[in-house]
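I opened a new notebook page for this structure.

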Amino acid sequence: MTLAEYRRRGGVEAPRGEEQGAEAAHAERHPGPLEYAQIGLILALITGVEVAIYYLGLAHTLLVIALLVLSATKFSMVVLWFMHLKFDNRLFSTMFILGFILALSVFTVALATVGGKLV
Amino acid sequence: MAQAVGTAHLETSTGLDNRKLLMWLFLGSECLFFGSLIAAYLLYRDRSVAGPYPSDLFDIPFTSVSAFVLLMSSVSMVLALAAIQRGNVRGMQIWLFTTATLGLLFLSGQAFEFTEFNHEGLSLSTNLFGTTFFVLTGFHGAHVTIGVLILLSLFTVSLQGRIQQKDSLNVELAGLYWHFVDIVWIVIFTLVYLIQP
């Protein structure tokens, strides 16, 4: 199986032999320390913006939307870069995303049925 | 700068390391656990019949510093992993110790916050806000505590020379857990502290 086929199938089939082992190793490419530091800086800046927005006195709905977007950005950056889901096998992403979607469903259903609110 | 990470061809049905697969499965289930606690908090936080209420207690500047500390611990954790993947054991030890220290700093902040809230009259049984708040943040704190213990164990083992480049998966698994604890706090910081009723 070629590397392209392996990737298309989400890496579900075990790579066998030295050549395929090298391919799998090549497929998993993580960023270096400099890129991690840059991402850390961006995350720190976003946190600063979140706190600044909190004190800006925006309308509540606008505040909630802005904070949710910023929080989702931070969440995604940590998961994609620091936890390497951007670079690792798709099966890992599937495991996590299924749990996350299930959690989001529970969250939404609970708030919708019992009457909790964000805004 | 990208870095190739060596993973030997694994003779498993998925071709992936089962420990890493299990860790991701565990983290997926943890999403549901914390999702339920956060939903419960949002449902009950403004249904207390007696105070104190969130707006009476929350100290946003203090919590922002705590959130920043935990976020930076994620950076040091990923730098520890990058170091060991390059065979830099000393670098990994420094970054692991930094991460554990930042984790302890976060926990100290949480202990201080809980004590302050308690002095203000909020306990686990005061009202619905107190119950859901302490259960949610308490469970998160327990996760951070476990993470710190894992990091300190890894640090101790590495001082004995038992973690080399080939063992980088051990650091990666600890890192996955630690980053998860961080992303949970990202959500809690926004939904619990910044977005108030």
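Which domains does the domain assignment give for chain A? I noted first that I am working with a predicted model. The assignment gives domain 1 (1-30), domain 2 (32-85) and domain 3 (89-119). I then looked up a distance. The C-alpha centres of domain 2 of chain A and domain 3 of chain A are 20 Å apart.

Next entry: a helix pair. I picked helix H4 (residues 60-82) of chain A and helix H6 (residues 168-194) of chain B. Their axes lie 10 Å apart, and the packing angle is about 180°. Angles over 145 degrees count as roughly antiparallel, so H4(A) and H6(B) are roughly antiparallel to each other. I listed who makes the contact. H4(A) brings residues including A:Leu67, A:Phe75 and A:Phe82. H6(B) brings residues including B:His179, B:Asp182 and B:Leu194. I sorted the residues of this contact by type: ten are nonpolar, three polar and two charged.

Last entry: the core. How many residues are in the largest nonpolar core? I found 70. B:Ile38, B:Val78, B:Leu79, B:Ala80, B:Trp185 and B:Ile188 touch the most other members. Both chains supply elements that give two or more residues, among them H4 and helix H5 (90-114) of chain A and helix H1 (18-44) of chain B. H6(B) gives the largest share, 18 residues.

I followed up on B:Ile188. Setting aside neighbours within four places in sequence, B:Ile188 contacts B:Ile38, B:Leu136, B:Thr137 and B:His140.

Definitions and conventions. Residues numbered from 1 in each chain as written. Chains lettered and ligands numbered in written order. Predicted model: local features only at pLDDT ≥ 70, side-chain atom pairs only at ≥ 80, totals over all residues. Domains from an automatic or database assignment. Axes fitted to C-alpha atoms, helices over the stretch in contact; angles between N-to-C directions. Helix = DSSP H or I, 4+ residues; strand = E, 2+ residues; numbered from the N terminus. Parallel < 35°, antiparallel > 145°, perpendicular 65-115°, else oblique. Contact = placed C-beta atoms within 7 Å. Nonpolar A, V, L, I, M, F, W, Y, C, P; charged D, E, K, R; others polar. Core = buried A, V, L, I, M, F, W, Y, C linked by C-beta atoms within 7 Å. Buried ≥ 20, exposed ≤ 12 C-beta atoms within 10 Å, placed from the backbone.
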